[in-house]
Amino acid sequence: MPHRMLQILTTAYRATLEEQDDPVLWLTHSLRNNGADVDVLLRSSAVNYIVRSQQASGLRIGDWLQSQPPDLAFEVGALMSKDCRVFALADDLAVRGIRRDEVLPGVGFVAKAELPALLRNYKHIWQW
Amino acid sequence: MPRIVLTLVLNDPPYESARTSTAFRIVDAAIRRGHDVNVFAYEGAVSLAFARQSPHANAVHGRDVDGEDHPTTSNWVRELFELAREQSTKLDWVNCGLCTDERGTDEAVLGVRRGSPADLWSFVNASTNTLVIPTR
């Protein structure tokens with residue numbers, strides 16, 4: 001089996017305003033740019049990262065205005081454009097009331113019952 | 001009407017949690033409304049005001065230092081002090097001294113002072129209310 005890696009991202013919006021990105025998505029981009037064969041599974045609150053309409057601009061502290069706010073849906077889409085496969089746990093989308101017509105095209109949906117079959121495809125599984 | 005004084009106790013270090021940007025927004029909003037604000041930075045939160053933080057380029061985003069315009073929490077602290085000056089309110093920011101010693105982060109931006117839980121107790125006794133934003 002090649003060194004395929006799955007990043008399981010469970011915590012959304014962790015310091016994303018400060019980092020102007022999600023630290024795990026950023027690391028995944030960087031690993032991919034360095035040749036890693038890496039996919040992403042979004043679960044729990046992180047399924048919100050594929051909602052197209054999210055918008056995080058406007059942060060202001062004193063006179064400082066954020067000019068490069070995080071754009072998590074863009075970052076997820078950019079990963080897919082690098083041939084990373086992105087999955088979202090369908091159960092976690094459903095309990096949050098997120099409809100499939102609201103999310104990025106190209107994301108794979110998996111049910112909890114399908115996770116064992118998905119996880120068998122990877123040598124490395126990192127849960128964040 | 002007596003002046004409103006708010007005390008916030010912060011615990012999270014920079015670049016770890018959404019609670020940090022929320023705390024800064026609360027302080028910003030309170031100052032804009034003319035309230036005095038005390039901040040007691042405890043444990044990892046003492047690094048929020050660490051003066052040697054610096055913005056960086058971001059290769060993943062394809063932006064240089066200027067283009068990335070990366071925020072630092074120490075600059076946010078500077079901004080809050082400047083905002084308080086503009087609004088003629090008082091911002092008193094105390095870093096737990098033992099916590100800075102443990103972390104080697106005693107170089108804080110101008111206006112931040114070193115203190116102890118005795119300062120926190122003074123804050124509490126002089127405040128309209130106190131909000132603890134705990135870490136997890």
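Before you click on anything, here's a term you'll need: a residue counts as buried if 20 or more other C-beta atoms lie within 10 Å of its own. Keep in mind, too, that this is a predicted model.

**Stop 1: chain B as a whole.** Select chain B. Of its 136 residues, 43% are buried. Now switch to a cartoon view, where you can pick out five helices and five strands. Following the chain along its sequence, you pass through β-α-β-α-α-β-α-β-α-β. And if you take the contacts in chain B between residues at least 6 apart in sequence, 70% of them join residues at least 24 apart.

**Stop 2: helix α3 of chain B.** Select residues 73–87 of chain B. From first C-alpha to last, this 15-residue helix reaches 21 Å, close to the 21 Å expected. Which of its residues are buried? Colour Thr73(B), Ser74(B), Trp76(B), Val77(B), Arg78(B), Leu80(B), Leu83(B) and Ala84(B) to see them. Their packing partners come from both chains: in chain B they include α1 (18–32) and β3 (91–96), and in chain A they include α1 (16–19) and β4 (64–65). Step just past the end of the helix and you reach Ser88(B), with a positive phi of about 55°.

**Stop 3: where the chains touch.** Show both chains together. Here 19 residues of chain A are in contact with 21 residues of chain B. On the chain A side, the elements giving two or more residues are α1 and α2 (23–33). Helix α1(A) gives the most, with four residues. What kinds of residues make up this side of chain A? They divide into seven nonpolar, eight polar and four charged.

**Stop 4: helix α3 of chain A.** Select residues 72–81 of chain A, then highlight the buried ones: Leu72(A), Val76(A) and Leu79(A). Look down the axis of α3(A): its buried residues fall within an arc of 55°, so they line one face of the helix. In general, an α-helix has 3.6 residues a turn, so residues three or four places apart point the same way. The buried residues of α3(A) pack against α1, α2, β2 (37–42) and β5 (86–89) of chain A.

Terms used
Residues are numbered from 1 along each chain as its sequence is written. Chains are lettered from A and ligands numbered from 1 in the order in which they are written. This is a predicted model: local features need pLDDT of at least 70, side-chain atom pairs count only at pLDDT 80 or more; totals for chains, interfaces and linings use all residues. A residue is buried if 20 or more other C-beta atoms lie within 10 Å of its own, exposed if 12 or fewer, and partly exposed in between; C-beta atoms are placed from the backbone. Two residues are in contact if their C-beta atoms, placed from the backbone, lie within 7 Å. The expected span of a helix is 1.5 Å times one less than its number of residues. Ala, Val, Leu, Ile, Met, Phe, Trp, Tyr, Cys and Pro count as nonpolar, Asp, Glu, Lys and Arg as charged, and the others, Gly among them, as polar. The arc is that of the directions from the helix axis to the C-beta atoms.
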